[in-house]
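The following paragraphs guide a new reader through selected points of the structure. Please keep the sequence and the model in view while reading.

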Amino acid sequence: MKKPNILFAIADDASHFGAYGHSFVRTPACNAVAQKGALFANAFSPNPKCAPSRASILTGRFPWQNREGCNHFGYFPSGFQLFPDLLEKAGYYNGCTGKGWGPGNYTRAGYTRNPAGPEYKERYLVPPEGSAINKCDYAANFEDFLNAKETDHPFYFWYGGYEPHRKYEFGEGLKHGKKIEDIKEIPSYWPDDEKVKIDMLDYAFEIEWFDSHLAKMLDILEKHGELENTFIIATSDNGCPFPRVKGQMYEQDFHLPMMARWDGVIKPGTTVSDLVNFVDIAPTILEAAGIPAPSEMTGISFLGLLKGQKQQGRDYTYFGREKHDVGRENDLGYPVRCIRNKKYLYIHNFAPERWPAGNPETGFTNCDSSPTKTLILDLNEKGVTRYFDLSFGKRPMEELYDIETDPECINNLAMDSRHAAAKAELWDKLQAKLKETEDPRINGSGDIFETYEYVGNSKHSWANYVNGTFVKQSF
């Protein structure tokens, strides 16, 4: 049987694709992948921040199993088998454009190229006027890659859009045809304010840019006669770059859009409702290519689900976080582990005395600067504290949410005796999984994550602010 090509398309910080009913964002290419293949109803990143999420995709391992790769802006771990390398060894022609693994440093581990694959980055474009769109011409780079490939080789290509990662030009969505009335609903943890709506439209415009290049890539595949034999996965690395979402540990932070297409293998219009974790992507791609997944990969292939087969062992899925961005006392992280079944999300905060989004005096560094963030901080100063508490406030050690009735995770049921049995069962399951996967945090050596070096911009570090003041950002 002819080996399939692999096209893996990953947006940067996108929670919303049109296929999921989000009418304020239009994603016809992603929608078409779902319509001609499968839509995942329950796909999750195990860590809602760019670098650790992408590391788990590449290694097929949970973040706490990836050593330095568990942290954001750190070093890529050495010694693990990555699915792109295994594909290459099996004869695949590999390439990557845009954002691969990152942000962080991979050269210390001995990598001479991005772990996602050899980069194609020679083509640039002029971004839309009045926007913060990246200059990378993803589709043109993809065509260069295909033109360079020998005809008898299957290929693997990682398309990593830089969009919709911030910064945005405030109002860029409006400038390019989007309308305030496109926003029908705002999450209850953000203020219902025009600034927030404009911010959401800017975000939507950049998702649409990501989608437009996927559309071009599909056309290029068809032109090259490769579309029918290409296994396509489209997704995002973590939730949207807004308060209480990106980098935090709630349902809408790591529950992400994902769709897949493989003509002749996946029945058009398939919906996958099983719980799927990004650690499952690597073994799935390897199985599709006819390559055995190494035993070190924790993930389980979901290729059978795409073929309409039932699969055991998907009643629970797991998430974890350690150090994201610096800005707490001594630049400590915020360790969290979570478990999710079809009904509940249980969250265990191992250091509830710390600020989950970073300290006030360093500017809540684990939340991207944005008009929405500034508005929430301004409202808090005026005595409207609800949005601040939800986005930046300290959290209890245990949280439990009924996702069926409370997907925004507002009503914490952890201390409700009516849910005590469910909480106990989930905590037991979570501990067992963490012990099985040798998580240092549960084995009493979790401080190892604090020793891994941070290689990002240290201007927000605790050392710089211990005698300083928080400078409020405005838009």
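Glu438 is found in the loop between helix 12 and helix 13 (448-451); helices (H or I, at least four residues) and strands (E, at least two) are DSSP runs, numbered from the N terminus. The model is a predicted one, in which local features need pLDDT of at least 70 and side-chain atom pairs count only at pLDDT 80 or more, while totals for chains, interfaces and linings use all residues. Residues are numbered from 1 along each chain as its sequence is written, and side-chain values use heavy atoms, with hydrogens and water left out.

Although Glu438 is not a glycine, its phi is positive, at about 55 degrees. Its relative accessible area is 62%, and Glu438 is therefore exposed; the term exposed stands for over 50% relative accessible area, buried for under 20%, and partly exposed for values in between (1.4 Å probe, protein chains only).

Cys409 also has a positive phi of about 55 degrees and is not a glycine. This residue belongs to the loop between strand 16 (398-402) and helix 12 (420-436). Is Cys409 buried or exposed? Cys409 is buried, because its relative accessible area is 0%. As background, most residues other than glycine have a negative phi, and most peptide bonds are trans.

The peptide bonds deserve attention next. Glu163 and Pro164 are joined by a cis peptide bond whose omega is about 5 degrees. Pro164 is placed in the loop between strand 7 (155-160) and helix 5 (172-175). Lys167 likewise lies in the loop between strand 7 and helix 5, and the peptide bond leading from Arg166 to Lys167 is cis, with omega near 20 degrees.

Asp152 is located in the loop between helix 4 (138-148) and strand 7. With a relative accessibility of 62%, Asp152 counts as exposed. Gly91 is 61 residues apart from Asp152 along the chain, and the C-alpha atoms of the two are separated by 9.8 Å.

His16 counts as buried because its relative accessibility is 16%. Which residue's side chain forms a polar contact of 2.7 Å with that of His16? The partner is Tyr203; a polar contact is a pair of N or O atoms within 3.5 Å, where, within protein, one must be able to donate a hydrogen and the other to accept it, and residues adjacent in sequence count only if both atoms are side-chain atoms. Leaving aside neighbours within four places in sequence, His16 is in contact (heavy atoms within 4.5 Å) with several residues, including Phe24, Ile207, Cys240 and Pro257.
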